[in-house]
Amino acid sequence: MININKKSITLPTWMMDVSHNIDLLKNTTVKAHHITTELLLPQEKIFLVSHPMDYNVPQHQHDYYELVFVDHGRVKNIMQDTEQYLLPGSLLIMNLSSHHALKAIDKKATVTNICLQKDLFDDGIFHDFIMADNPVANFLRNESEQDFLYFSFPQNMRLRTTLNDILTNYQASGFHMSFALAANVLLLLSLLTDEQQYTYVGIDERCLDILDYIQQNPIITLSQLAAHFGFNPNYLSRYIHQHTGATTSQLIIKSRLNFACQRLLYTDDSIENIALSTGWRSISHFYRTFKSQLSMTPENFRQQFSRP
């Protein structure tokens, strides 16, 4: 999905225009360092909690697995006295050993938590999943001994659709677990195993500065980016990949697509002019990249999202 505002377009933003269904955490005083489902949370194997991030959540640990999606804005995650920035459209997974706190830094930020009870994985196909050998299952079992698993820029369009389906299922069932919800959560976990852009380190303040600079300068090259920040290009590439799971080239392409989408929506420029002015080698290269990333052509995008 694409979040459109008057100034910019964030690609991608998931779960757009979804009613936030349960706002329990904001109204719950956390008196201990271990949050359990006794804190008025639904007594079901799968439940969702959506809330604005306009307040700080103290250091805590869960007795359930948690998938945190940042719907809008930015959130600061604190683990082991280190801080990471969670960006719009990103996913943070925490297992039963994870300790973390959340700090409000953006009044417009909202998050959705998909919470999975331990006994969901006791038998059946969910048990088969958690016992499999892949980065997500290994992390849930804590075999990686990492504090978190962070997907900074999920790419699979089916994954974004599945997230929408999960919220739709939950709302349609009166905010209770259902077969459809369980099926889509399992599909989500499966799709995440195919994602290549993940990290156990996360986005620190320096990395955030680099990402913001790429976003503001979409026509930039790796050499120019490295020179601006005073790094060796090879070091910068390794650093970015370590903290985001993405390559520098992938991030620059994402920024160029974002810029091209703004031009498609807010100008009458021809697609050829937009492609060439946003750094693409050829029109055909622009079309191929655009369709592979957004699952539609530039013409379709302009027709579907342009406002009168």
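Contact, in this talk, means heavy atoms within 4.5 Å. Keep that in mind as we go.

First, the ground rules. This is a predicted model, where local features need pLDDT of at least 70, side-chain atom pairs count only at pLDDT 80 or more, and totals for chains, interfaces and linings use all residues. Residues are numbered from 1 along each chain as its sequence is written, and side-chain values use heavy atoms, with hydrogens and water left out.

Now, confidence. pLDDT is the predictor's confidence in each residue, from 0 to 100. The chain averages 84, and 86% of the residues score at least 70. Residues 1-39 are below 50, yet this stretch has 110 contacts in the model beyond near neighbours in sequence. Where pLDDT is low, the predicted coordinates should not be read in detail.

Next, the cores. Buried means under 20% relative accessible area, exposed means over 50%, and partly exposed is in between, with a 1.4 Å probe and protein chains only. A nonpolar core is a set of buried Ala, Val, Leu, Ile, Met, Phe, Trp, Tyr and Cys residues joined through side-chain atoms within 4.5 Å. The largest one here has 37 residues, and L67, I93, I114 and L116 have the most contacts inside it. Helix α4, residues 179-192, gives the largest share, eight residues. Helices (H or I, at least four residues) and strands (E, at least two) are DSSP runs, numbered from the N terminus. Apart from that core lies another, of 34 residues, including M94 and A246.

Which residues does L67 contact, leaving aside neighbours within four places in sequence? Among them are L91, I114, L188 and L192.

On to helix α3, residues 157-172. Its 16 residues reach 23 Å from first C-alpha to last, close to the expected 22 Å. That expected span is 1.5 Å times one less than the number of residues. Buried residues in α3 include L159, L163, I166 and Y170. Their cover includes β4, β6, β11, α4 and α10. After α3 comes G174, with a positive phi near 70 degrees.

Start with S255, found in α8. Is S255 buried or exposed? S255 is buried, because its relative accessible area is 2%. Not counting residues up to four places away in sequence, S255 touches I214, Q215 and P218. S255 and Q216 are 39 residues apart in sequence, but 8.0 Å apart in space, C-alpha to C-alpha.

R263 also sits in α8, which spans residues 248-266. R263 counts as buried because its relative accessibility is 17%. Leaving aside neighbours within four places, R263 contacts D269, I274, S277, T278 and R302.
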